[in-house]
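Student: Could you show me how to read a protein model, one feature at a time?
Tutor: Gladly; let us look at it together.

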Amino acid sequence: MNEEGRKKSQWFDYMTGGRSWRAFWHVICERIIIIQSIAQTLISDGTKMESTNPTPDPKPEPQHKPKPAPKPKRRVVNAFFPTVGVAILLATLFTAWTPTSLFASNLQEQLRLILTPQAGPNTVITTAQPQLRIGIVAGHNGNDSGAVCLDKDGQVDLKEADVNLAIAELVQKSLVGQGFQVDLLNEFDTRLNGYRAVALISIHNDSCEYINDEATGFKVASSLETRDVNRAQRLTACLVDRYQRATNLTFHAGSITGDMREYHAFSEIDPNTITAIIETGFLNLDREILTQETERVAGGVTQGILCFINNESVQPTPSPTLAP
Ligand SMILES: [Zn+2]
């Protein structure tokens, strides 16, 4: 054996441990099969889950095969894919379930917050249903007496302001009884500046002088300065219809004066407040119903206001030609 042959022999002995090539391959194959069996056992649960892709029989290959090296290599690859598959499956499950469950938790929390009142029950009750505000002006009150009636001796025996106040107080009482917040206002009440309400009605009465037999009945005029003319006209129609039904008094559509159309309060209140002025009768010829049947008169005004607020059906305001 030359030098080269001696070195090759030493390297072979070192690598094989003094075994023959056949014995060396046998040991290598044994080690590979042991490692592969351990790996197969570790991933066996994962491979069982893949029913559509059954794994190869994990039984070790016969050890007497001359070239078993390619087999373990293929089997390691076969074991690798189920492992990766299980890893992907687990990763998918975690990424799919964890955010979903977190989202579901957030959703449930949001629903709980939406469905649960944030304030105490007492607070909800007091703020959920605010009362509708209605303004009633008792004409001339706090300023002057308005029209006056004189007796045979020339003494004042009836003032318009008193009649207006009596009617206004009854209207207020009736509306308060139905759950509304009603402000009883003076003629030049400071609260009228920018006054906001669902409706403002000013109550007045006509002259106590005898004019003629036609000087009986009532008048209604709405504001021309409102931002909602249709609703103002509806308030007028409601007051006319309901007041006429309640009192059987005549509606004087043609005798509405410019003073009524340009009533001072119309320009003082908030333009969103729907407002009207009603002259409930003449103090001369209608004195009896105004002073003796005040509840009936006030009832007609109240029904007119409720007609407007409750959107009740109402006949169009009758034209002057229909009035007698
Ligand atoms: Zn008046």
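**Reading the model**

Tutor: With 23 C-beta neighbours inside 10 Å, Gly217 counts as buried. A residue is buried if 20 or more other C-beta atoms lie within 10 Å of its own, exposed if 12 or fewer, and partly exposed in between, with C-beta atoms placed from the backbone. This is a predicted model, where local features need pLDDT of at least 70, side-chain atom pairs count only at pLDDT 80 or more, and totals for chains, interfaces and linings use all residues. Residues are numbered from 1 along each chain as its sequence is written.

Student: Where is Gly217 found, and which residues does Gly217 touch?

Tutor: Helices (H or I, at least four residues) and strands (E, at least two) are DSSP runs, numbered from the N terminus. Gly217 sits in the loop between strand E5 (199-206) and strand E6 (219-222). Two residues are in contact if their C-beta atoms, placed from the backbone, lie within 7 Å. Not counting residues up to four places away in sequence, Gly217 touches Leu249, Thr250, Phe251, His252 and Gly281. The C-alpha atoms of Gly217 and Asp286 are separated by 7.2 Å, with the two residues 69 apart along the chain.

Student: How many helices and strands does the protein chain have?

Tutor: The protein chain has eleven helices and seven strands. Of its 324 residues, 30% count as buried.

Student: How do I read the span of helix H7?

Tutor: The expected span of a helix is 1.5 Å times one less than its number of residues. Helix H7 (residues 229-247) has 19 residues and reaches 27 Å from its first C-alpha to its last, close to the 27 Å expected.

Student: What follows H7?

Tutor: Asn248 does, and its phi is positive, near 60°, although Asn248 is not a glycine. Asn248 lies in the loop between H7 and helix H8 (258-261).

Student: Is Asn248 buried or exposed?

Tutor: Asn248 counts as exposed, because it has 11 C-beta neighbours inside 10 Å. Asn311, in the segment after H11, is not a glycine either, and has a positive phi of about 55°. With 9 C-beta neighbours inside 10 Å, Asn311 counts as exposed.

Student: At what angle do the axes of H6 and H11 cross?

Tutor: Axes are lines fitted to C-alpha atoms, for helices over the stretch in contact, and angles run from 0 to 180 degrees between N-to-C directions. The axes of helix H6 (residues 160-177) and helix H11 (residues 294-309) cross at roughly 55° and come within 9 Å.
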